[in-house]
Amino acid sequence: MTLEILNLAARAPSGHNTQPWTLRVVANNRWILGIAAKRRLPAVDPMARETLLSLGTFLESLVIAAMHFGHSIQYETIAQSPLDSEVLELRLGKIAAAPQQLDQLKMRRTVRNGLLPGQIKTGDLKFTLDGLERIEYFSTGSAAAKYLAEGTVEANKIQAWREPAEVELSNWIRWSEKEIAARRNGLTPASMEIDGLAGWYVSHFYNRASVMTKAFREKSINQVKERVDQGGGWLVLSSGDNSITDLIETGRCAQRMWLRLRERKLAIHPMTQMLEEEPWRENVAKTLGTGGVPQFLFRLGYLNSYPLPASRRMPAEWILT
């Protein structure tokens with residue numbers, strides 16, 4: 001049962017698809033949820049802000065899967081620092097099985113390309129954001145959307161030429177089928193939406209050194225320029241502060257929203273470089289006039305057809321410590 005629940009929860013999103021979560025079973029009703037040191041991203045996430053958000057998305061998926069199989073989950077934060085390896089103590093209880101829409105967990109995905117232009121319908125926005133706090137929509141054409149689009153391009157330019165960040169990215173791209181099968185995490189040509197002949201070419205001829213070339217960096221920046229003009233606007237999800245518990249809860253909110261999108265043929269693409277690079281990191285909330293601390297920046301838009309999930313997932317046995 002534990003493995004079944006973990007395999008479902010492990011489909012949650014994470015930066016570079018590192019899948020940083022670990023789980024230690026202390027007793028049948030007591031688990032410790034933590035973070036693997038080797039799956040952190042110190043170059044772009046030195047204080048584990050994004051890692052803790054990802055842990056929150058995993059926790060939300062874990063809660064949903066557990067309910068389906070007749071378990072409740074309560075948690076307590078045990079970490080004293082964002083860099084601690086053990087973060088949450090989970091307590092499981094027995095409840096009547098409450099069937100959940102497990103397909104939402106199985107089919108969730110990030111979409112980078114093909115977001116359609118046009119405003120998001122009020123009904124779809126209400127459905128997607130229902131019950132969520134500190135999340136704001138900025139439609140295409142608004143001053144806020146323009147600021148986010150331009151800032152995202154500039155932040156990506158800085159990050160593409162910031163050597164530690166680019167080295168870190170190169171270490172998390174799995175180009176060949178052999179490495180994809182061995183690692184079951186990271187970014188793949190399919191998850192980066194490089195398909196067809198281009199996908200075949202990069203899977204056979206690209207490696208870590210390819211990411212460090214001038215041509216690759218410039219192409220990445222040009223792709224960002226194209227993508228920020230797609231879709232119907234931006235979503236900004238904030239937390240109350242940067243405490244561990246608040247980041248976990250904000251990650252849970254993000255996952256609740258993510259799981260509703262496919263039903264309305266909506267997709268999001270997280271583009272958080274402005275929250276990783278100066279001077280934007282300190283200025284986003286003030287410029288946008290949002291309450292709280294911005295933690296996620298999403299492009300949002302409709303799709304003509306929804307693609308299947310593409311990211312590889314580590315088996316539950318690899319999560320257990």
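1. Helix α1, which covers residues 2-9, packs with helix α2, residues 49-68, at an angle of about 135 degrees, and the axes of the two helices lie 8 Å apart. The structure under discussion is a predicted model, and the points below should be read with that in mind. Since angles over 145 degrees count as roughly antiparallel and 65 to 115 as roughly perpendicular, α1 and α2 are therefore described as oblique to each other.

2. The crossing in which α1 passes α2 is right-handed. On the side of α1 the contact is made by Ile5, Leu6, Leu8 and Ala9, while α2 contributes Phe58, Ser61, Leu62, Ala65 and Ala66.

3. Turning to the strands, an open sheet is formed by 4 strands in the order β1-β2-β4-β3, with antiparallel pairing. Its edge strands, each of which pairs on one side only, are β1 (21-27) and β3 (71-77). Direction ignored, neighbouring strands of this sheet are turned by 25 degrees against each other on average.

4. Within that sheet, strand β2 (residues 30-35) pairs with strand β4 (residues 86-94) in the antiparallel sense, over 5 bridges. A reader who wishes to locate this pairing can look for Arg30, which stands opposite Arg91 in β4. Helix α11, made of residues 244-260, packs on the sheet and touches β3 and β4, and the direction of α11 makes about 145 degrees with that of β3.

5. Another open sheet is built from 4 strands in the order β5-β6-β8-β7, and here the pairing is antiparallel. The strands at its edges are β5 (135-139) and β7 (266-270), each pairing on one side only. On average, and with direction ignored, neighbouring strands of this sheet are turned by 30 degrees against each other.

6. In the β5-β6-β8-β7 sheet, β7 and strand β8, the latter spanning residues 293-302, are joined in the antiparallel sense over 5 bridges. Ala267 is found opposite Gly301 in β8.

Methods. Residues are numbered from 1 along each chain as its sequence is written. This is a predicted model: local features need pLDDT of at least 70, side-chain atom pairs count only at pLDDT 80 or more; totals for chains, interfaces and linings use all residues. Side-chain values use heavy atoms; hydrogens and water are left out. Axes are lines fitted to C-alpha atoms, for helices over the stretch in contact, and angles run from 0 to 180 degrees between N-to-C directions. Angles under 35 degrees count as roughly parallel, over 145 as roughly antiparallel, 65 to 115 as roughly perpendicular and the rest as oblique. A crossing is left-handed if the near helix is turned anticlockwise from the far one by less than a right angle, and right-handed if clockwise. Contact means heavy atoms within 4.5 Å. Two strands pair if DSSP finds at least two bridges between them.
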